[in-house]
Amino acid sequence: MTPPVAWINGTVVPFSQAAVPVWDLGVVAGAAVTEMARTVRHRPFRLMPHILRLADSCHALGLPLAWSPNAIETAACGIVEHNARQISSNDDLGIVVFVTAGGNPTYLQGQNPACGTVCIHTFPLPFSLWRDAVRNGVRLRIPSIRQIPEECLPVAHKVRNRLHWWLADREAARDEPGSRALLTDQSDQLTETSTSCFYAVVAGEIITPLSHVLHSMSRRI
């Protein structure tokens, strides 16, 4: 078996060697957008809608993107085809695409590369980690951490800056082991969790928050 590979700025490299420079603003400032799709029976599932949202986010946030959606899709399909050979027929892959804002001029003596890092990689979906949640559900807690206000960060775009989610989930797990955080906004309205949108059944009607949340691909389905 050959090792899995990744795609970085047009070059295919071994996954073990895929790296982002320490001077990249994706590392320095969390200035990056990302998307994650998946395979079903080793075939990409609704990959292009994720790529189009990635391109829209790059445009809205001013991140340079040197590749077209079609070029990114072609590269991603090639990576999936190669890496799917390394897993069993019962397993599937997560497909990650991310784009960073480029180099940090402070670290580069004033130079500011026009393009950041564009990366495509996959990983085997860890179904075993989710078995208990599927069978028994997930406990949610509202922590002291709140959703980031739209005036500070447009949460409708999927960005790499997720420190508040990490802090919120850590607080929820500390207060009730095994639980996850469900955040409220500045007006105490429910929003979402770190990995999924939130639904409730109230008086026989399915409802879900529509503001201060990521425009989830899963919700569209």
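Me: Exposed means over 50% relative accessible area and buried means under 20%, with partly exposed in between. With that settled, which exposed residues sit on the face of H3 turned away from its buried side?

Reply: In this predicted model, that face of H3 carries Asn70, Thr74 and Glu81.

Me: And which residues of H3 are buried?

Reply: They are Ile72, Ala75, Ala76, Ile79, Val80, His82 and Asn83.

Me: What makes the buried residues of H3 line one face of the helix?

Reply: Look down the axis of H3: its buried residues fall within an arc of 165 degrees, so they line one face.

Me: On to the rings. How many aromatic pairs are there?

Reply: The count is 2.

Me: How do you know whether Trp7 is buried or exposed?

Reply: Its relative accessibility is 8%, and under 20% means buried, so Trp7 counts as buried. Trp67 comes out at 26%, so this residue counts as partly exposed.

Me: What makes Phe127 and Trp130 an edge-to-face pair?

Reply: Their ring centres are 6.1 Å apart and their planes are at 75 degrees, so edge-to-face it is. Phe127 and Trp130 both lie in helix H4, 3 residues apart, about one turn of the helix. Phe127 is partly exposed at 33%, and Trp130 is partly exposed at 41%.

Me: What is there to note about phi of Arg41?

Reply: Most residues other than glycine have a negative phi. Phi of Arg41 is near 55 degrees, a positive value, and Arg41 is no glycine. Arg41 lies in the loop between strand E3 and strand E4. Its relative accessible area is 72%, which is over 50%, so Arg41 is exposed. Arg46, in the loop between E4 and H2, also has a positive phi, about 50 degrees.

Me: Now charges. Why do Arg53 and Glu35 count as a salt bridge?

Reply: The cut-off is 4 Å between a side-chain nitrogen of Lys or Arg and a carboxyl oxygen of Asp or Glu. Arg53 and Glu35 come to 2.6 Å, N to O, so they pass. Arg53 lies in helix H2 and Glu35 in strand E3, so the pair ties together parts 18 residues apart in sequence. Arg53 is buried at 8%, and Glu35 is buried at 2%.

Me: How many salt bridges are there?

Reply: The count is 8. One of them joins Arg141 and Glu176, with closest N and O atoms 3.2 Å apart. Arg139, Arg141 and Glu176 are linked in a network of salt bridges.

Me: What makes Asp169 and Arg180 a salt bridge?

Reply: Their side chains meet at 3.4 Å, N to O, which is within 4 Å, so the pair counts. Asp169 is in helix H5 and Arg180 in strand E8, 11 residues apart. Asp169 is buried at 15%, whereas Arg180 is partly exposed at 30%.

Definitions and conventions:
Residues numbered from 1 in each chain as written. Predicted model: local features only at pLDDT ≥ 70, side-chain atom pairs only at ≥ 80, totals over all residues. Heavy atoms only, no water. Phe/Tyr/Trp six-rings, centres within 6.5 Å; stacked < 30°, edge-to-face > 60°. Buried < 20%, exposed > 50% of the residue type's maximum accessible area, 1.4 Å probe, protein only. Helix = DSSP H or I, 4+ residues; strand = E, 2+ residues; numbered from the N terminus. Arc of directions from axis to C-beta.
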